[in-house]
Amino acid sequence: MAVKLILTDIDGTILPRGERVVSPRTVAAFHAALDAGIAVGPASGRGYAWIPGFFGGDDACCATALATNGMQIYVGGEKAMEQTLPAESLEHVRQIVAETPRAGLLVFDEATPLLVAGDVSDLAAAFPPYAEKCVVVRGLPDFPVVKANVFVGTDADDAAELVARLNAEVPELDVDRALPTYSNVQPRGWNKGAAVRWLAARLGVGLDEVVVFGDADNDLPMLRAVSNSVAVAGATPEAATAARWHVGRCEDDAVAVAIEALAAGEWPFEA
């Protein structure tokens with residue numbers, strides 16, 4: 001079949017936990033796809049300002065991108081669409097988080113994480129890279145927020161309880177589970193899946209011509225949006241179930257291997 005668009009999650013899908021840059025083979029695979037006339041790029045919960053660094057500054061690898069779980073969409077290296085979070089609803093989230101033991105809320109000023117509720121130590125337990133760079137503030141900023149994340153410094157059960165409460169009490173927003181104790185905040189109904197559909201339409205690509213890769217629960221809408229969805233080994237049970245196809249481990253460059261095959265006109269997936 002013809003493949004015209006490939007999108008992949010970053011953390012845990014092409015970037016092993018604890019690594020700061022994807023492998024040289026992954027970068028080469030992206031370029032092989034580009035040379036074959038296939039649009040390829042990341043579909044990540046990370047803000048766009050963070051993404052080029054994961055590819056060693058190779059901007060071609062992220063000229064097409066879904067950033068911040070699709071809140072930002074890039075085409076040809078330019079921002080084609082951006083959504084923001086409603087301020088009153090985000091303040092409601094902040095208030096709930098502030099009264100929840102060991103919970104916190106991050107918002108972002110481009111690449112800078114702003115800790116508007118919670119403690120750095122709990123953020124370090126949930127997502128260390130942002131704890132290293134965060135600036136502690138109190139109260140939401142006065143600019144429109146694109147990226148916000150809720151976290152807890154305890155365990156997955158506490159995180160699930162908080163996410164359920166937020167989704168029940170703040171109906172304008174969706175809160176997902178990107179990691180066991182770290183969640184994304186988005187407008188209700190907008191997610192990676194909605195962004196994939198938007199991008200495919202923008203590029204004039206059919207959803208049956210799209211291949212997506214993921215590993216986590218925030219990838220579920222994307223994995224369900226297209227018929228050729230792929231989970232890496234070690235994906236959450238929900239992501240593995242949602243995906244039509246399955247490949248090996250992130251640590252073994254399984255996605256790069258698959259992209260190389262797609263770029264060569266081969267079909268690398270088996271039921």
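In which order do five strands form an open sheet? The legends below take up this sheet and other close-ups of a predicted model.

**Figure 1. The five-stranded sheet is open and parallel.** The strand order is β2-β1-β12-β13-β14. Strands β2 (39-42) and β14 (245-249) stand at the edges. Each has a single partner strand, so one side of each is left without a neighbour in the sheet. On average, neighbouring strands here are turned by 20° against each other, direction ignored.

**Figure 2. Strands β12 and β13 pair in the parallel sense.** Strand β12 covers residues 210-214, and β13 covers residues 228-233. Four bridges join the two. Look for V211: its bridge partner in β13 is N228.

Figure 3. Helix α1 (residues 24-35) lies across β1 (5-8) and β2. Helix α1 runs at about 150° to β2.

**Figure 4. A six-stranded sheet is open, with mixed pairing.** The strand order is β8-β7-β6-β9-β11-β10. Which strands stand at the edges? They are β8 (135-136) and β10 (173-175). Each has a single partner strand, so one side of each lacks a neighbour in the sheet. Strand β7 (residues 112-117) runs parallel to β8, and two bridges join them. One detail to find is L115, whose bridge partner in β8 is V136.

Figure 5. Helix α6 (residues 156-169) lies across β6, β9, β10 and β11. Helix α6 runs at about 170° to β10.

**Figure 6. N69 is a buried loop residue.** N69 is found in the loop between β3 (65-67) and β4 (72-75). Is N69 buried or exposed? Its relative accessibility is 1%, so N69 counts as buried. Which residues is N69 in contact with, leaving aside neighbours within four places in sequence? They are S44, G45, D176, N184, Q186, W190, N191, K192 and N218.

**Figure 7. W50 and Y130 form an edge-to-face pair.** A search of the whole structure finds eleven aromatic pairs. In the pair of W50 and Y130, the ring centres are 4.9 Å apart. The planes stand at 80°, so the pair is edge-to-face. This pair links distant parts of the chain. W50 is in the loop between β2 and α2 (51-54), while Y130 is in helix α5 (residues 128-133). They are 80 residues apart. Both W50 and Y130 are buried.

**Figure 8. Five aromatic residues form one cluster.** The members are W50, F108, F127, Y130 and Y182. K147 lies over the face of F108, at 5.0 Å from the ring centre. F127 lies in the loop between α4 (120-126) and α5. The relative accessible area of F127 is 8%, so F127 is buried. F127 and V27 are 100 residues apart along the chain, and their C-alpha atoms are separated by 25 Å.

**Figure 9. A126 is a buried residue of helix α4.** The relative accessibility of A126 is 10%, so A126 counts as buried. Leaving out residues up to four places away in sequence, A126 touches F151, V152, L179, T181 and Y182. A126 and L179 are 53 residues apart along the chain. Their C-alpha atoms are separated by 8.2 Å.

**Figure 10. The whole protein chain has ten helices and 14 strands.** The C-alpha atoms fill a box of roughly 55 × 35 × 30 Å, taken along the principal axes. Of the 271 residues, 54% count as buried. The radius of gyration is 18 Å, which agrees with a compact globule of 271 residues.

Key
Residues are numbered from 1 along each chain as its sequence is written. This is a predicted model: local features need pLDDT of at least 70, side-chain atom pairs count only at pLDDT 80 or more; totals for chains, interfaces and linings use all residues. Side-chain values use heavy atoms; hydrogens and water are left out. Two strands pair if DSSP finds at least two bridges between them. Contact means heavy atoms within 4.5 Å. Axes are lines fitted to C-alpha atoms, for helices over the stretch in contact, and angles run from 0 to 180 degrees between N-to-C directions. Buried means under 20% relative accessible area, exposed over 50%, partly exposed in between (1.4 Å probe, protein chains only). Rings of Phe, Tyr and Trp (its six-membered ring) pair if their centres lie within 6.5 Å; planes under 30 degrees apart count as stacked, over 60 as edge-to-face and the rest as tilted. A charge sits over a ring if NZ of Lys or CZ of Arg is within 6 Å of the ring centre and within 35 degrees of the ring normal. The radius of gyration is taken over C-alpha atoms; the globule rule is 2.2 Å times the number of residues to the power 0.38.
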